[in-house]
Amino acid sequence: MGRTVDADGVELWVEQRGEGPDVLLVAGLGDPAEAWQSQLDGFADRYRLTAFDNRGAGRSPLPDGPLSVAGMADDAAALLRALQVPAAHVAGFSGGSFIAQDLALRHPGLVRSLVLMSTMARPDPYFRTMTRFWNWMAERAPDERAMLEAFYLWVYTPRAHADGMVDRLVDEALAFEHPQSAEAFQRQLAAFAGHDTLDRLGGISAPALVLAGELDLATPPRLGRTVADRIPGAVFEVLPGEAHQPFQEVPEVFNARVGAFWREVEARDGGTAARRG
């Protein structure tokens, strides 16, 4: 069951599952905590997972004034502190990966490791044009179904459009009781479109795994590779045949790779602790 948590004055909707080392799951544009369902189910036997609705998504209210990635990173830090989590493996997807980058830069002691899925360090011209289109599409699409069908062209593989998965996801989004308003979508989008950590990523000290989908239109592999090149020691991998949201399309593949990374980090942490002892 989810609940609302006061994160330094910001009311964030949170769902926690499982027991074990802490994991924080940071969702992308418009996504509520439920976007991570396959991870909440798949890792609950080994980890204590925390997923939450960012400001302006799901059940977390949209505040007055502009949104920023740095502000949402501070929200995530305040949430971990409110939950008395000393440090967590942090996995962020798309806009959530931008938040995760800033979380690691602004609050490094809270981040045990980073998984950055469908990520970038600085928007390129294609990304900027794409987000301008999304911005007016949110207002001018004839209805919510048309908006989602258009938006999901950038998100899911042709396979998912062909096999009925996208139709099911559209129906689920339309049935969700806490839909995101066009204003909240646009304000989150503006924050993510203004993301720029390119010249600061060298300051990230946490172990990092950067994943990209081979067919991702929104954040193609070249953008993820730049992130990995700037983070000391980061590992970069491309998932063949996948697009922007593989953690939903092929959760068994995503979970296996991420789970292996977390085990590597924990083994390294354990070895360091043993040597210090």
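Buried means under 20% relative accessible area, exposed means over 50%, and partly exposed is in between (1.4 Å probe, protein chains only). I keep these words in that sense throughout, with the areas coming from the Shrake-Rupley method and, for residues, only the protein chains shown counting as cover.

**Ground rules**

I am working on a predicted model, where local features need pLDDT of at least 70, side-chain atom pairs count only at pLDDT 80 or more, and totals for chains, interfaces and linings use all residues. Residues are numbered from 1 along each chain as its sequence is written, and side-chain values use heavy atoms, with hydrogens and water left out. Helices (H or I, at least four residues) and strands (E, at least two) are DSSP runs, numbered from the N terminus.

**Entry: the annotated span**

I checked the record before going into detail. An unreviewed UniProt entry lists residues 23-244 as "domain: AB hydrolase-1". The positions are in the numbering used here, the feature name is shortened, and such annotations may be inferred rather than shown by experiment. I looked up the make-up of residues 23-244 and got 43% helix and 15% strand. The end C-alpha atoms of that span lie 21 Å apart.

**Entry: buried residues**

Is Leu29 buried or exposed? Leu29 is buried, at a relative accessible area of 11%. I found Leu29 in the loop between strand S3 (22-26) and helix H1 (37-43). Its C-alpha is 7.2 Å from that of Phe185, although 156 residues separate the two along the chain.

Leu110 was next: this residue sits in the loop between H3 and S6 and is buried, with a relative accessible area of 7%. From Leu110 to Val90 I get 9.0 Å, C-alpha to C-alpha, for a pair 20 residues apart in sequence.

Then I went to Ile99 in helix H3. The relative accessible area of Ile99 is 0%, so I log this residue as buried. Ile99 and Leu116 are 17 residues apart in sequence, and their C-alpha atoms are 9.8 Å apart in space.

**Entry: salt bridges**

My cut-off: a side-chain nitrogen of Lys or Arg within 4 Å of a carboxyl oxygen of Asp or Glu. How many salt bridges does a search of the whole structure find? The search turns up 20.

I opened Asp74 and Arg106, whose side chains meet in a salt bridge at 2.8 Å, N to O. Asp74 belongs to helix H2 (residues 69-82) and Arg106 to helix H3 (residues 95-106), so the pair ties together parts that are 32 residues apart in sequence. Asp74 is partly exposed at 28% relative accessible area, and Arg106 is partly exposed at 42%.

I then moved to Arg122, which makes a salt bridge with Asp196 (2.8 Å, N to O). Asp196 lies in the loop between helix H8 (182-193) and strand S7 (208-213), while Arg122 lies in the loop between strand S6 (111-117) and H4, so this pair ties together parts 74 residues apart in sequence. I have Asp196 as partly exposed at 35% and Arg122 as partly exposed at 34%.

Arg122 also pairs with Asp199, the closest N and O atoms being 3.3 Å apart. Asp199 is in the loop between H8 and S7 and Arg122 in the loop between S6 and H4, so here the parts tied together are 77 residues apart in sequence. Asp199 is exposed, with a relative accessible area of 64%.

Which residues are linked with Arg122 in a network of salt bridges? I noted Asp196, Asp199 and Arg230.

**Entry: positive phi**

Most residues other than glycine have a negative phi, so I went after exceptions. Asp8 is not a glycine, yet has a positive phi of about 55 degrees. I place Asp8 in the loop between strand S1 (2-7) and strand S2 (10-17), exposed at 72% relative accessible area.

Gln84 also has a positive phi, near 60 degrees. Gln84 is in the loop between H2 and strand S5 (88-93), and at 69% relative accessible area it is exposed.
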